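Please walk me through how to read the domains and strands of this model, one feature at a time.

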There are 2 protein chains.
Amino acid sequence: MKEPASPTSLSPTFKDNDKGTKTNMETDYVIVFRYANTTKAEAGKKFALLVERLARVGLATEVRNGDNHSLLIFVKVASEDHVNAEVYRSRVKDWIHGVRSAAPSKETKKAIEEEPLHEAERYRIIYRMITNSEEEGGAGITAKEGEWKNVESIFALHDHAYNKEWIQRWTKKYLLDTEDLDEIRNRLGEKIAFYFAFTQSYFTFLVFPAAFGATAWLLLGKFSPIYAIVSTLWCIVFVEYWKHQEVDLGVRWGVRGVSNIQTKRRHFEHEHEGTDPVTGEKMQIFPATKRLQRQLLQVPFAIAAATVLGSLIATCFGIEIFISEIYGGPLKSVLVFLPTIILTTVMPVLNGILTTFAERLTKFENYETDDAFEYAMTQKIFVLNFITSYLPVFLTAFVYVPFGAVVVPFLDVFSLTARPFAQNEKQLQAPKSGSFVINPDRLRKQIIYFTVTAQIVNLGMEVIVPYLKRQGFTKYKEMQSERAAKSGRQTTSTTESDNPDEAAFLTRVRREAELDVYNVTSDLREMVVQFGYLALFSTVWPLTAVSFLANNWLELRADAVKICIEMQRPIPERADTIGPWLDSLSFLSWLGSITTAALVYLFSNDGLGPDGTPKNIRGWALLLTIFFAEHFYLLIRWAVQIGISKIDSPGRQKERRDRYLVRQRYFSESLSESQKLPQVGKFGEKITRESLEEEARASSLRSSRVEDRFWARQRNWHETAQVGAGLIDRAPATEEVKKMQ
Amino acid sequence: MKEPASPTSLSPTFKDNDKGTKTNMETDYVIVFRYANTTKAEAGKKFALLVERLARVGLATEVRNGDNHSLLIFVKVASEDHVNAEVYRSRVKDWIHGVRSAAPSKETKKAIEEEPLHEAERYRIIYRMITNSEEEGGAGITAKEGEWKNVESIFALHDHAYNKEWIQRWTKKYLLDTEDLDEIRNRLGEKIAFYFAFTQSYFTFLVFPAAFGATAWLLLGKFSPIYAIVSTLWCIVFVEYWKHQEVDLGVRWGVRGVSNIQTKRRHFEHEHEGTDPVTGEKMQIFPATKRLQRQLLQVPFAIAAATVLGSLIATCFGIEIFISEIYGGPLKSVLVFLPTIILTTVMPVLNGILTTFAERLTKFENYETDDAFEYAMTQKIFVLNFITSYLPVFLTAFVYVPFGAVVVPFLDVFSLTARPFAQNEKQLQAPKSGSFVINPDRLRKQIIYFTVTAQIVNLGMEVIVPYLKRQGFTKYKEMQSERAAKSGRQTTSTTESDNPDEAAFLTRVRREAELDVYNVTSDLREMVVQFGYLALFSTVWPLTAVSFLANNWLELRADAVKICIEMQRPIPERADTIGPWLDSLSFLSWLGSITTAALVYLFSNDGLGPDGTPKNIRGWALLLTIFFAEHFYLLIRWAVQIGISKIDSPGRQKERRDRYLVRQRYFSESLSESQKLPQVGKFGEKITRESLEEEARASSLRSSRVEDRFWARQRNWHETAQVGAGLIDRAPATEEVKKMQ
């Protein structure tokens with residue numbers, strides 16, 4: 001047909017494409033099979049194998065043409081039995097790992113009727129059917145890996161009608177409630193729901209420091225110790241409360257403990273095989289000591305990263321100060337932007353290189369499970385982020401302001417570089433120590449930049465840039481098609497074979513296939529870094545929380561939009577925590593207790609003595625402030641942890657009730673057994689025969705063992721009571737009893 | 001008979017009493033019923049009720065006369081069924097609380113045959129039969145409380161033959177192995193076994209600091225930073241390793257998690273009643289906020305205790321320095337002992353008063369469970385012990401030596417008191433600041449006192465003093481009897497009714513009834529306090545660990561002797577940890593990182609500058625040292641925790657294996673269900689009918705829903721494969737593939 005694709009059908013927003021988004025054709029997943037780098041014969045063989053494998057686990061397939069040497073395989077569940085088996089297997093596994101307190105009913109169908117699947121669970125299960133290895137009962141399709149290099153991606157189709165309604169609903173709401181979170185969990189899975197729950201919880205908590213910060217800003221003046229204490233307390237309560245809430249949500253969503261179910265990393269390379277001492281099965285072993293040796297490489301890596309990024313930041317910082325506060329030559333208005341330009345161009349490149357290096361390092365550490373890998377990777381990412389996000393502020397706060405008068409004259413070196421621009425020597429003269437006046441507002445300006453400007457830029461980057469990028473890409477494609485049509489050259493005529501029924505749908509699917517995969521970790525990282533500014537530096541500018549409050553209201557909604565429009569529908573994953581970021585939060589809150597104390601000590605009255613020069617900082621006083629602040633922090637945190645651990649919650653109650661019920665049933669069954677016990681009857685025999693048998697007993701006393709004789713003297717409790725009463729009677733009365741009588 | 005009791009039968013060692021110790025007459029427990037403060041009629045009634053209650057739970061009784069208006073009730077199990085029921089109940093409870101991974105077999109007898117009772121468990125169960133409330137299926141006998149004020153004590157009889165053999169075996173051994181600990185556990189229960197396991201583990205660990213300390217003492221000189229670092233590392237490893245070992249022992253002894261089984265405190269007073277949200281049962285509630293208010297009283301209590309004990313210690317310390325280093329008047333040689341005399345007389349009294357007060361406070365805090373009560377009490381005891389044990393050293397190290405020259409002249413006040421003894425004014429002249437020379441060896445002498453002298457004295461107090469006390473008591477009794485015999489006055493003729501068969505046995509039982517009850521907490525406290533000296537101050541005198549090593553070898557054996565001879569046979573209790581003392585260990589080890597760093601900084605070269613006066617201490621340097629040491633400590637502890645958490649152990653493996661087996665069984669049962677699933681067959685139909693049905697399908701495509709038409713285009717995976725192959729074939733070859741071809 002070779003007519004140019006209609007522009008509307010390629011445009012990326014909802015409205016123009018309603019016809020393509022009305023139905024998902026009951027598709028569960030779409031698999032993109034790309035054969036650009038394979039011979040046709042081989043591709044055909046692989047493709048046949050692929051669909052056969054899918055059929056074997058009960059999945060029906062349809063194939064359509066994709067873009068640029070790719071096929072789209074539409075997958076839907078043909079056999080519910082296979083799904084049910086997988087669901088059941090997953091539930092039993094949950095029970096084994098203690099995620100469920102009750103064992104699932106042994107009859108598969110009944111078990112599923114009792115607890116129907118929600119949407120995310122269904123998608124998760126079907127994804128597992130596609131990707132699980134054949135031994136585990138799946139089709140063993142692993143995108144981009146090994147045998148399945150041709151499989152480019154496996155993704156689910158968006159439910160556009162729902163997405164539209166969802167986002168419209170959110171934009172009209174101030175706060176998300178638990179039902180909204182439940183809804184996310186039901187549609188996108190627990191991992192993403194935990195991100196939204198965390199951000200929502202953080203947002204709600206921010207209301208307090210925003211209000212208090214605004215008050216402090218108006219009333220308490222600069223670097224108020226009161227604000228510092230309240231802010232540190234808030235950090236403690238927030239982090240501890242989130243830990244508490246995480247447990248609750250985990251129980252609510254029935255995923256408490258899923259992090260114990262560890263999936264083996266595909267790339268794990270074992271050194272030798274051994275026998276699992278627990279299960280007796282063969283297991284692959286990589287010695288922990290060897291891994292430890294490899295992990296130790298993290299230390300030079302961290303040092304190298306800190307040095308590289310640190311010297312870049314320090315250099316730019318130095319140039320900036322030199323230009324803005326020392327340099328007086330020509331082009332100053334232009335040169336002022338030099339450090340920003342260097343930072344924004346070089347930093348992402350460096351960061352990218354270091355991240356790639358971190359990933360290689362983590363791979364080299366050869367973790368056994370996906371979780372361990374992700375944990376190690378997240379830690380490294382956190383270190384990189386820590387350096388890039390906070391080091392500039394640290395330099396200003398703890399180097400420039402206190403030691404500015406000492407350090408700045410050394411910036412002389414830059415005057416060598418600046419010499420060509422200088423018109424006279426005077427412009428380059430470094431100010432003499434003492435005459436140089438530090439700009440005390442620099443720190444505040446920097447904080448405002450990081451907490452307002454950077455946040456806005458970031459939000460823009462997340463939403464607007466991808467939109468523009470996609471628009472550009474679409475335009476480029478259109479142009480290509482047009483040019484191809486004009487030149488009459490044979491093109492990849494993707495759409496020519498499309499049935500008119502499906503054309504719009506297929507166009508839409510092809511578009512979704514090109515979208516990025518949503519990565520919840522980077523969104524979480526953003527929130528944690530933001531929390532870091534609040535914990536570490538908010539005392540510099542108490543309005544920090546106000547800015548974050550506004551930003552996060554938008555952020556939550558922007559993320560929802562991003563998931564719905566910019567990204568492929570995420571494949572639901574389970575989680576019972578925000579994972580390693582929790583450690584990062586604790587660490588930042590701890591470090592915050594130190595930096596806040598130091599900042600308050602250094603900068604009260606902007607760090608200036610009465611004469612306008614940096615006041616005389618006494619090392620011992622600074623350290624004593626830090627010492628007390630940190631131990632005060634640890635003490636309070638301990639108290640808050642104890643306090644919060646005592647808070648009960650519906651989730652915890654539910655968990656206890658479940659366990660209680662399961663075991664109560666067993667207990668009552670067994671108690672009814674033990675109630676059939678002999679009662680006291682036989683000990684209650686009357687002692688009328690006593691006198692008759694006395695003699696017989698007396699003789700037995702002589703004949704038997706001493707122990708038997710000992711125990712035969714009183715035949716039952718009545719006799720014991722009688723003998724005892726006799727002994728009591730014969731005893732002389734004590735002084736006290738005499739008095740009583 | 002009124003003849004004086006033969007001296008041999010009252011003497012407390014084994015040898016003289018072999019006839020009384022040969023048999024326990026199969027007695028399980030002895031109950032002492034004292035009626036000195038009750039009218040005879042009432043006593044008789046209570047006594048009858050007591051034996052009836054015991055009979056009702058299947059316990060046989062014999063009564064004999066005791067000392068001084070008391071009866072001895074011998075109790076043994078008459079009905080094994082009742083014991084079995086109690087055992088079973090206990091095991092099901094364990095299972096409910098997760099102590100056991102597998103539910104006990106529902107048939108009681110079978111369950112007990114499968115896992116026979118060991119001795120300690122049997123004693124524990126019988127004790128529970130006696131003391132548990134009637135609703136719980138026990139006899140409800142609570143010594144010294146409520147209804148049972150007359151019941152003075154409930155105790156088991158020593159197995160003297162075994163004890164003798166046990167102690168002889170131990171004295172010939174250098175180290176106790178796990179079998180020895182198992183034996184303690186089997187005879188005395190887990191709680192005491194945990195004490196021995198801890199002390200043994202501590203003893204083994206001490207070998208390293210003893211060896212290293214001796215080397216450091218010889219080679220490294222005074223206050224070596226190397227010794228300080230190694231010692232801090234050792235503390236971390238020891239505490240963390242013990243935590244790890246505790247888990248292992250708990251699993252080995254099948255008590256992991258018993259601390260979750262909380263017994264309700266009898267003295268708990270509820271404020272109102274409510275419904276348990278989990279079980280739906282009625283529960284008694286005391287508001288946590290109210291308890292928190294009461295707990296806050298701990299703060300003034302701690303401050304008051306610190307002030308009272310602290311000022312006593314500080315005063316004695318001041319007097320001591322005044323007398324030994326300033327005072328030159330007469331009687332100096334006598335007066336030198338004055339502070340020691342004050343301390344040894346006043347301190348125990350004060351300590352006693354404060355402990356009583358602490359107990360009242362803890363009672364006032366009104367805890368719901370015994371565990372919570374004990375925890376709170378232990379914390380308070382730790383605070384008191386901390387002050388009395390370490391404050392003197394803190395004063396010397398951090399007040400006297402660094403600030404001696406400033407503080408000592410103020411000791412002038414004492415010269416007023418000393419004036420009457422002075423012969424001339426010169427003797428009383430306080431040295432002028434600067435001319436006063438601090439005695440730098442004082443700190444070392446003090447540490448040696450606490451780590452050697454005090455330990456030996458303590459050991460003596462534990463073993464020898466009670467022996468002498470008992471000997472004296474026996475003598476006193478003999479004298480009383482003799483005097484009574486001489487005067488012909490009526491005495492409590494305890495032994496007159498004794499059957500000659502049993503006389504020796506009864507005498508021995510009467511003696512055991514008078515023994516103290518063994519309290520494992522005080523022994524544990526002693527070890528923790530000892531560990532504190534090592535963690536906090538061993539850098540002052542690196543031989544500390546050598547002294548402790550020797551002391552603890554004896555201590556372990558002395559404690560065994562004490563349990564066998566000085567004390568009643570302890571009633572076995574379960575535990576899975578050394579409890580709150582673990583927190584104390586962690587705290588001491590943490591604090592040690594600070595004090596050690598401070599000591600090393602202050603006292604290198606004995607804290608003296610080249611001129612012999614205290615060197616110029618720079619506050620910031622001291623604080624920086626502490627700051628780095630503490631954070632180094634926290635970092636290393638974190639690393640050690642991670643490292644140790646990765647160590648597997650037989651106990652952990654056993655636990656995992658148990659859980660695995662229980663669930664594996666279930667899993668395999670359910671898997672066999674799911675393997676009956678339909679296989680691929682129906683998807684594998686050959687597509688021969690394809691052409692025939694093509695037209696029919698084409699028509700159905702027109703008639704049905706768009707979704708049906710979409711999925712009807714390819715009928716099975718063969719068709720999908722064919723269509724896919726066709727699409728691949730028709731696609732233009734890519735550059736790369738062209739090259740390949």
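Q: How many residues of domain 1 of chain A are in contact with domain 2 of chain A?

A: Two residues are in contact if their C-beta atoms, placed from the backbone, lie within 7 Å, and here nine residues of domain 1 of chain A are in contact with nine residues of domain 2 of chain A. This is a predicted model, in which local features need pLDDT of at least 70 and side-chain atom pairs count only at pLDDT 80 or more, while totals for chains, interfaces and linings use all residues. Residues are numbered from 1 along each chain as its sequence is written, and chains are lettered from A in the order in which they are written.

Q: Which element gives the largest share of the side of domain 1 of chain A that touches domain 2 of chain A?

A: Helices (H or I, at least four residues) and strands (E, at least two) are DSSP runs, numbered from the N terminus; on this side, helix 6 (residues 119-131) of chain A supplies the largest share, five residues.

Q: Is strand 1 of chain A buried or exposed?

A: A residue is buried if 20 or more other C-beta atoms, placed from the backbone, lie within 10 Å of its own, exposed if 12 or fewer, and partly exposed in between. Six of the six residues of strand 1 (residues 29-34) of chain A are buried, so this strand is largely enclosed by the rest of the structure.

Q: Which way do the residues of strand 1 of chain A point?

A: In a regular strand the side chains alternate between the two faces of the sheet. Here A:Y29, A:I31 and A:F33 point one way, and A:V30, A:V32 and A:R34 the other way.

Q: In which sense do strand 1 and strand 3 of chain A pair?

A: Two strands pair if DSSP finds at least two bridges between them; strand 1 of chain A and strand 3 (residues 70-77) of chain A do so in the antiparallel sense over six bridges, with A:F33 opposite A:L71.
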